[in-house]
Amino acid sequence: MTRVALSVIVPVWNGGAVIARCLDALERQTVDRARYEIIVVDNGSTDRTAEIVRGYSGVTLLAEPKPGSYAARNKAIAQAAAPIIAFTDADCVPDADWLATALAAAEANPEFGVLAGKIELFEEGVSGARVYADYERLFSFPQAHAARGNCATANWISRAEVLRALGGFDASLKSGGDRQMALRIRGAGYPLIYVPEMVVRHPVRADRSELVRKRRRLSGGRWDRTSATPRLARVLGVTAVDTVRRLRRAAISRELPLGRRLAVMKLTLELAGVATREFLRLSGGREAARD
């Protein structure tokens, strides 16, 4: 009997419009299908997500009612059968050789903590203004800096024993748990390695409302991860520094002509305002947004 080498974990919440595309890509992997399992964790969906997943005979469907993708991932980690765990997201499309490349990289780096693959952005459907896609391509998923802790679970491979030994992800977080977990893994002495040949494709958030939701969610994650006082001053300070860095990067970008650089800089300032308002809301005792 072929031994299961990889457990692929996909958390999903109201992903009825995208989950089939992800599962189809996972079924098309060049690795022998008997060598990997697929575990989807429904995180309280109210659409047809669970029904769609049940239509795939070789996929295990779990349910995690606690809101948050990290709680969902922990649910699957506890039940995964393979020594190596691969994470991706419900709206992602892994390349056909994603798992084969992951296995080769794991064999070449047996003591790895995280193998962080390349995340390529693609546009789908009706796009909004070009500035939103420009912004996403400049600032989203800096996987090349995985060694600093920039490892996104859209394209993440770890050893099951390492994840379990460290207690899994922080299930209290709704955002930012990827970096927190990566830094804990690095702190335990395991390297974080960027593997550019290991590719997953992710749709760009090509309209303003999606970017605003994302910024609110990320701001909530930063708020929840910040325990030092004065809390509000600290998160606002980090946001200010990050905003200056993004403005500089946009200003000197060789990827965009001047007009598009200026548009990205304007959007950067607007999203910094979104983050500031979210921090003020959270400082009043509100709960961090999930989406």
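This is a predicted model: local features need pLDDT of at least 70, side-chain atom pairs count only at pLDDT 80 or more; totals for chains, interfaces and linings use all residues.
1. Eight strands form an open sheet with mixed pairing, in the order 3-2-1-4-7-6-8-5. Its edges are strand 3 (59-63) and strand 5 (93-94); each has a single partner strand, so one side of each is left without a neighbour in the sheet.

2. Strand 5 runs antiparallel to strand 8 (residues 192-203), and two bridges join them. Val 93 has Arg 201 of strand 8 as its bridge partner.

3. Helix 4. This helix (residues 98-108) packs on the sheet and touches strand 1 (6-12), strand 2 (36-42), strand 4 (84-87), strand 5, strand 6 (114-122), strand 7 (156-159) and strand 8. The direction of helix 4 makes about 170° with that of strand 8.

4. Ser 158. This residue belongs to strand 7. Ser 158 counts as buried because its relative accessible area is 0%, and buried means under 20%. Its side chain makes a polar contact of 2.8 Å with the side chain of Trp 156. Beyond neighbours within four places in sequence, Ser 158 is in contact with Pro 83, Ile 84, Ile 85, Phe 112, Gly 113, Val 114, Leu 163 and Ile 185.

5. Arg 261. This residue sits in helix 10 (residues 258-283). Is Arg 261 buried or exposed, and which side chain of opposite charge is nearest? Arg 261 is buried yet has no salt bridge, and the nearest such side chain, Asp 134, is 9.6 Å away. With neighbours within four places in sequence set aside, Arg 261 is in contact with Ala 250, Ala 251, Ser 253 and Leu 256.

Technical notes:
Residues are numbered from 1 along each chain as its sequence is written. Side-chain values use heavy atoms; hydrogens and water are left out. Helices (H or I, at least four residues) and strands (E, at least two) are DSSP runs, numbered from the N terminus. Buried means under 20% relative accessible area, exposed over 50%, partly exposed in between (1.4 Å probe, protein chains only). Lys and Arg count as positive and Asp and Glu as negative; His and the chain ends are not counted. A salt bridge is a side-chain nitrogen of Lys or Arg within 4 Å of a carboxyl oxygen of Asp or Glu. Contact means heavy atoms within 4.5 Å. Two strands pair if DSSP finds at least two bridges between them. Axes are lines fitted to C-alpha atoms, for helices over the stretch in contact, and angles run from 0 to 180 degrees between N-to-C directions. A polar contact is a pair of N or O atoms within 3.5 Å; within protein, one must be able to donate a hydrogen and the other to accept it, and residues adjacent in sequence count only if both atoms are side-chain atoms.
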